[in-house]
Amino acid sequence: MQEVLKFSVQDLVCTEGAPPVDEDVRAKHAEEQVGGVLQRVDWCETLYPSTKALALGKERMADNDLISHLEALRSWHAITRRLAVSIGILKKWTGDDWETLSSVHDGKAPEQLAFVAGIVREDTLQVMFEKRLLSDLYSLVHVAKAAMTDLEPEFKAMNLPGFSSDLLRLALFPSRLVQEVLRGRLDSLASILDPSAALIDQLTDTIRMTLWTACEIKKQHIDMAKTNSVSGWQLPSRVAEYDEMLLAALRYYFKLLHWKLKSPSRAIYVKETKIVENEWGFLRGVTEQIDGGDLLVGEHFRRVLICI
């Protein structure tokens, strides 16, 4: 109990002239120290049949300071391990593309990313979203941010390293991934000039689902970026060129709609007015998340109505 109350991470000391300790090395060193003291606490708890029995045998276990220290240590250790596991999985999953997909976009279009190309080719972005593979990352970031806010005094008192750098990477990953998937998809469609009616329907469904997923990711990102009171946490409110990519996808969506209305075989599907009615609900929803989307929809819908 005394060890827990007095616990403080002992930092690695650099020799004179040596480079500073890498943050990852410092975090690993801290995790080993925290893990060690928690392991000893767990061993002590096994000596009693229940937590209640431990509190009766050792009244000091009910001490508020001890309880808060243990809560902070356990929270920090659990979050640190979850972050390490999540980032490890993503690095293995994305390969060499991880650095690009987890960093702030510098405004330059990156070279074609193999991981993104695979998603575009196999059309698996929607499946990833439905399985909550992307949303679950935001859930972990929310938990970590809450701990950094609620337990900040304890973290500082025990010299526990923060994990804002890992949080930033995880929070950026879904948006950057969707952004590059949209870029790759539009690049792959640029050479299509005279698609068949069946291909138009297929591409329309693909762009529709990708746009919907991109808008849902943007909503989650905005929610993550607001109420930013955590020390060292600086998530940009918007990802550079994200809305520009959404607008580009929306323009291509209207291009497909124009092709569909001009198709000589459109009569075998539905009437022109029915096509427009079916698209309006979707477009009204996505434009709420796209800066400038309402103007683009208004402009193109006017053209569509002229055509019919």
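The lining of the second largest pocket first. Its residues divide into eleven nonpolar, no polar and four charged. On the classes: Ala, Val, Leu, Ile, Met, Phe, Trp, Tyr, Cys and Pro count as nonpolar, Asp, Glu, Lys and Arg as charged, and the others, Gly among them, as polar. This is a predicted model, where local features need pLDDT of at least 70, side-chain atom pairs count only at pLDDT 80 or more, and totals for chains, interfaces and linings use all residues. Residues are numbered from 1 along each chain as its sequence is written, and side-chain values use heavy atoms, with hydrogens and water left out.

How much space lies in this second largest pocket? About 270 Å³. It has 15 lining residues, with M1, R40, V41, C44 and M61 nearest its centre. Two or more lining residues come from each of α1 (2-6), α2 and α4. The largest share is from α2, with five residues. Helices here are DSSP runs (H or I, at least four residues), as are strands (E, at least two), numbered from the N terminus.

Now the terms for space. We work on a 1 Å grid over the protein atoms alone. A cavity is a set of points where a 1.4 Å probe fits but cannot get out. A pocket is an open set with protein on both sides within 12 Å along at least five of seven lines. Lining residues have an atom within 4 Å of a point. Grid points are joined across faces, edges and corners, and a volume is the space filled by probe spheres set on the points.

Next, the largest pocket. About 640 Å³ of space lies there. Of its 22 lining residues, E23, D24, A27, I87 and D166 are the closest to the centre. The elements giving two or more residues are α2 (23-45), α4 (64-94), α5 (98-101) and α10 (164-189). Which element gives the most? That is α4, with eight residues. By class, this lining has eight nonpolar, five polar and nine charged residues.

The whole structure holds three cavities of 30 Å³ or more. The largest cavity has a volume of about 60 Å³. Its lining is S175, K218, H221, I222, S237, R238, V239, Y242 and D243. The largest share, three residues, comes from α11.
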